[in-house]
Each structure stands twice: as C-alpha cells, then as structure tokens.
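Q: I would like to learn how to read a structure of this kind. Please show it and take me through its features.

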Amino acid sequence: MAGTSLGARFYRQIRRHPALIPMISFIGLGMGSAALYLLRLALHSPDVCWDRKNNPEPWNRLNPNDQYKFLAVSTDYKKLKKDRPDF
C-alpha cells in the first residue's frame with residue numbers, strides 16, 4: 001500500500017464500490033461548471049480590468065445594448081437606447 005500511487009488507489013476504490021461513480025461524476029461536473037463560470041466572469045465582465053494601460057475603465061466602453069449579465073430574464077438589450085453622455 002505504501003508504494004501504490006494515488007491513481008491506483010482511487011481506481012481500486014472505484015472497483016470495490018461502483019456506487020461512487022455517480023457521486024464522483026456529479027462532483028466533477030459541478031467543479032467544472034464552477035470553473036467555467038469563473039473563467040467567463042474573469043474574461044467578459046465589465047468589472048474586471050486586465051489591461052490598465054490601454055483601457056483603464058472598461059465599464060465606460062459598454063454600449064446600452066451589450067448584455068454582460070449571464071441571464072437577463074425581463075430585459076431585452078436589443079431595444080435599449082443610449083441615455084448617458086460619452087466621456
């Protein structure tokens with residue numbers, strides 16, 4: 001047992017207890033979807049500024065019809081008009 005790798009021990013546990021397969025797959029699916037959502041927030045959110053030299057305030061470059069929310073239930077962003085001044 002001392003010389004076996006972690007993957008071999010994991011595979012042995014799965015072979016002994018096949019009921020763990022759905023639990024491990026759902027945990028993996030949840031971790032993967034959480035990682036993808038964090039990646040989406042980091043890349044597409046106007047609150048995150050990766051390039052401070054070329055675009056120090058990225059929230060000012062958003063058009064009124066840009067949808068940056070993940071799920072917009074009652075707002076149709078295509079019909080919005082500009083109601084603020086340019087800076």
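A: Helices (H or I, at least four residues) and strands (E, at least two) are DSSP runs, numbered from the N terminus. This is a predicted model, in which local features need pLDDT of at least 70 and side-chain atom pairs count only at pLDDT 80 or more, while totals for chains, interfaces and linings use all residues. Residues are numbered from 1 along each chain as its sequence is written, and side-chain values use heavy atoms, with hydrogens and water left out.

Q: How many helices and strands does the chain have?

A: The chain has two helices and zero strands.

Q: What does UniProt list for residues 20–39?

A: UniProt positions follow the numbering used here, feature names are shortened, and annotations may be inferred rather than shown by experiment. An unreviewed UniProt entry gives residues 20–39 as "transmembrane region". In the model, this stretch is 100% helix and 0% strand, with its end C-alpha atoms 28 Å apart.

Q: Why does Phe10 count as partly exposed?

A: Buried means under 20% relative accessible area, exposed over 50%, and partly exposed in between (1.4 Å probe, protein chains only). Phe10 is partly exposed because its relative accessibility is 47%. Phe10 is part of helix H1 (residues 6–16). Of the chain's 87 residues, 9% count as buried.

Q: What share of contacts between residues at least 6 apart in sequence joins residues at least 24 apart?

A: Contact means heavy atoms within 4.5 Å. Among contacts in the chain between residues at least 6 apart in sequence, the share joining residues at least 24 apart is 11%.
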